[in-house]
Amino acid sequence: QRDVWDDPEGPDKSMLDGNDLGADGQLEWLQSGLLTSTAKWKVIFTSVITNTTTKQNDAWGAYPTEWNALKNFILANNILNVVFISGDLHLNAIDNGVQSGFPEMCVAAANQTRNTSCATDRNGTWSEGYYDETCAGFGLVSILQNPDRLVLEAADEFGIVHLAYTVSDQMTSR
């Protein structure tokens with residue numbers, strides 16, 4: 001439902017709404033859900049990565065106006081504990097939020113056959129690293145208490161965890 005990635009950049013170009021920007025669109029739905037959510041953790045699944053150091057044409061990097069508007073909305077409304085789970089780069093990777101503004105885990109293709117160096121674009125920069133020895137794998141998300149935290153783990157197709165990052169509850173760090 002997104003606009004074509006090479007459309008001219010601007011406020012009318014959308015990853016979420018295509019040509020249907022407005023109150024009935026997915027961006028409005030996402031913002032409303034984030035604003036009214038009482039969940040401690042806001043885990044957003046997106047089919048493409050938010051990390052802009054890779055895949056500029058088929059990811060959020062091709063929609064900087066909308067991405068920055070979404071980021072600014074989250075920050076301006078003090079919406080805490082937002083984490084993104086993404087895909088379509090065909091490798092496991094985890095970032096602590098330095099690259100896109102929020103912690104992100106990119107998951108490899110769970111049903112992919114074993115192959116080498118499967119990334120569909122340059123690997124990019126990920127604070128916790130990336131793993132692309134095979135393009136098959138999956139991600140694990142665990143929510144733990146005392147103290148509250150969310151753990152991201154990227155595993156290969158055999159379940160061996162290669163990357164892990166713990167996201168601390170932002171409410172307890174203030």
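Which residue in β7 does Leu140 stand opposite? Leu140 faces Glu153 there, and we will come back to that pair once the ground rules are in place. This is a predicted model, in which local features need pLDDT of at least 70 and side-chain atom pairs count only at pLDDT 80 or more, while totals for chains, interfaces and linings use all residues. Residues are numbered from 1 along each chain as its sequence is written, and side-chain values use heavy atoms, with hydrogens and water left out. Helices (H or I, at least four residues) and strands (E, at least two) are DSSP runs numbered from the N terminus.

Now for the individual pairings. Between β6 and β7 there are 8 bridges in the antiparallel sense, and Leu140 opposite Glu153 in β7 is the pair we started from. Strand β7 (residues 149-156) is joined to β8 by 7 bridges, and these two run antiparallel. Here Val151 has Thr166 of β8 as its bridge partner.

Is Asn146 buried or exposed? Asn146 is exposed, with a relative accessible area of 74%; the cut-offs are under 20% for buried, over 50% for exposed and partly exposed in between, using a 1.4 Å probe and protein chains only. A cis peptide bond, with omega about 0°, joins Asn146 to Pro147, and Pro147 likewise lies in the loop between β6 and β7.

Asn81 is buried, with a relative accessible area of 2%.

How many strands does the open sheet with mixed pairing have? There are 5 strands, in the order β1-β2-β4-β3-β5. Its edge strands are β1 and β5, each pairing on one side only, and the twist from one strand to the next averages 15°. Within this sheet, β2 and β4 pair in the parallel sense over 3 bridges, and Phe84 stands opposite Glu104 in β4.

Two loop residues are worth a visit next. Thr54 sits in the loop between β1 (42-45) and α2, and is buried with a relative accessible area of 0%. Leaving aside neighbours within four places in sequence, Thr54 is in contact (heavy atoms within 4.5 Å) with Ile49, Leu89, Asp121, Arg122, Asn123, Gly124 and Trp126. Cys118, in turn, is found in the loop between β4 (104-106) and β5 (129-131). Cys118 is buried too, with a relative accessible area of 13%. With neighbours within four places again set aside, its contacts are Leu89, His90, Asp132 and Cys135. Cys118 and Leu89 are 29 residues apart in sequence, yet their C-alpha atoms are 8.2 Å apart in space.

Finally, take a look at the helices. Helix α1 (residues 26-36) packs with helix α2 (residues 64-76) at an angle of about 20°, their axes 11 Å apart. That makes α1 roughly parallel to α2, a label for angles under 35 degrees, with over 145 counting as roughly antiparallel, 65 to 115 as roughly perpendicular and the rest as oblique. Which residues make the contact? From α1 come Leu27, Leu30, Gln31, Leu34 and Leu35, and from α2 come Glu66, Ala69, Leu70, Phe73 and Ile74. By class, this contact has 8 nonpolar, 1 polar and 1 charged residues. Here Ala, Val, Leu, Ile, Met, Phe, Trp, Tyr, Cys and Pro count as nonpolar, Asp, Glu, Lys and Arg as charged, and the others, Gly among them, as polar.

Definitions and conventions:
Axes fitted to C-alpha atoms, helices over the stretch in contact; angles between N-to-C directions. Pairing = 2+ DSSP bridges.
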